[in-house]
Amino acid sequence: MGRFRLRGRRRRNRAQRLRAEMIPLRTIVPNLVTSMAACAGITSISLSSEGRFLHALVALLVACVCDGMDGRIARLLKASSKLGAELDSLADFVNFGVAPAMFMFFWLTGRHFGSDAVLVSDPRLVRVILGCSLFYALCDCFRLARFNTMLEQETAPYWKHFFTGVPAPGGCWMVLTPAVLALALDAKGKYPALQDVLQNPFFGMFMLLFVGALMASRLPTISLKSMHISRRYQLPVMATLLLVVALLISNFWMTVGVMGVLYVLTVPLTGLVFLRVRARALDAETAKV
């Protein structure tokens with residue numbers, strides 16, 4: 001009888017181990033969406049190397065949409081995990097760090113597969129542009145690493161409406177704004193002089209350095225996650241959003257480019273608002289003491 005009891009215990013222990021090793025299929029869905037985002041970013045690099053810049057922008061747009069969906073899907077399915085968080089950071093580095101950097105390098109220099117006309121013939125300038133692209137990508141990597149470490153730290157309450165530095169998707173949007181506007185103007189065949197300015201290698205290097213520094217900085221930038229609006233402003237805000245949707249439908253890339261310019265302009269305005277919010281919060285803390 002003792003031998004049969006021992007066998008029964010072994011079977012129960014084995015069944016318990018098998019149940020412990022089993023995971024719900026729904027936990028794979030967020031990681032699958034994140035993997036799709038990374039695939040879109042890698043595809044964008046491939047398309048940029050072929051000179052298919054408009055298709056590369058579409059691939060980055062798909063990556064951005066997938067990046068915004070994976071976290072919400074994980075919370076909806078209650079499938080958040082440390083593996084998903086690490087995978088999301090790696091995908092963000094590819095999508096919003098490496099892919100935009102390589103896009104700008106190929107677009108500014110014209111040195112891509114099948115290119116008949118090279119825009120930058122000086123090899124020294126080509127290396128400088130590559131260095132600026134690498135700087136942007138590394139700033140994005142630093143920003144993502146700092147974001148992961150700040151998740152475990154407590155922040156002041158007045159930071160809840162602000163990001164520390166420009167977020168990775170926002171930095172990608174900012175640095176690609178000149179290319180988006182130039183491609184939108186080129187599709188219409190208008191303003192060739194403005195296109196030359198937007199595709200100027202020195203202006204492109206400035207954007208790579210400027211946006212990279214913004215991502216690595218500790219400057220406050222706008223965050224819409226916890227923002228609320230007053231009821232009396234509900235109608236104007238809805239009208240503005242409907243106008244933006246209409247413009248996106250009628251002229252998508254031009255609208256995205258103009259919105260990118262407006263997003264860049266929000267950086268100094270957000271800094272002023274942050275100073276006022278912080279001063280108000282510190283005054284309230286002083287009054288309590």
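In this predicted model, Arg124 and Asp122 form a salt bridge in which the closest N and O atoms are 3.5 Å apart. Arg124 is exposed, with a relative accessible area of 58%, whereas Asp122 is partly exposed at 30%. Helix H5 itself covers residues 123–150, 28 residues in total, and spans 41 Å from its first C-alpha to its last, close to the 40 Å expected at 1.5 Å a residue.

The count of salt bridges comes to two. Side chains of opposite charge can pair when their charged atoms come close. The pairs are listed below.

| Salt bridge | N to O distance |
|---|---|
| Arg124 – Asp122 | 3.5 Å |
| Glu50 – Arg52 | 3.2 Å |

In the pair formed by Glu50 and Arg52, Glu50 is partly exposed at 35% relative accessibility, and Arg52 is likewise partly exposed, at 40%.

Thr109 belongs to helix H4, residues 82–109. Thr109 counts as buried because its relative accessible area is 0%, under the 20% cut-off. The side chain of Thr109 reaches the backbone oxygen of Phe105 at 2.6 Å. Beyond its neighbours within four places in sequence, Thr109 is in contact with Val118, Leu119, Val120, Val126 and Ile129.

Conventions. Residues are numbered from 1 along each chain as its sequence is written. This is a predicted model: local features need pLDDT of at least 70, side-chain atom pairs count only at pLDDT 80 or more; totals for chains, interfaces and linings use all residues. Side-chain values use heavy atoms; hydrogens and water are left out. Helices (H or I, at least four residues) and strands (E, at least two) are DSSP runs, numbered from the N terminus. Buried means under 20% relative accessible area, exposed over 50%, partly exposed in between (1.4 Å probe, protein chains only). A polar contact is a pair of N or O atoms within 3.5 Å; within protein, one must be able to donate a hydrogen and the other to accept it, and residues adjacent in sequence count only if both atoms are side-chain atoms. Contact means heavy atoms within 4.5 Å. The expected span of a helix is 1.5 Å times one less than its number of residues. A salt bridge is a side-chain nitrogen of Lys or Arg within 4 Å of a carboxyl oxygen of Asp or Glu.
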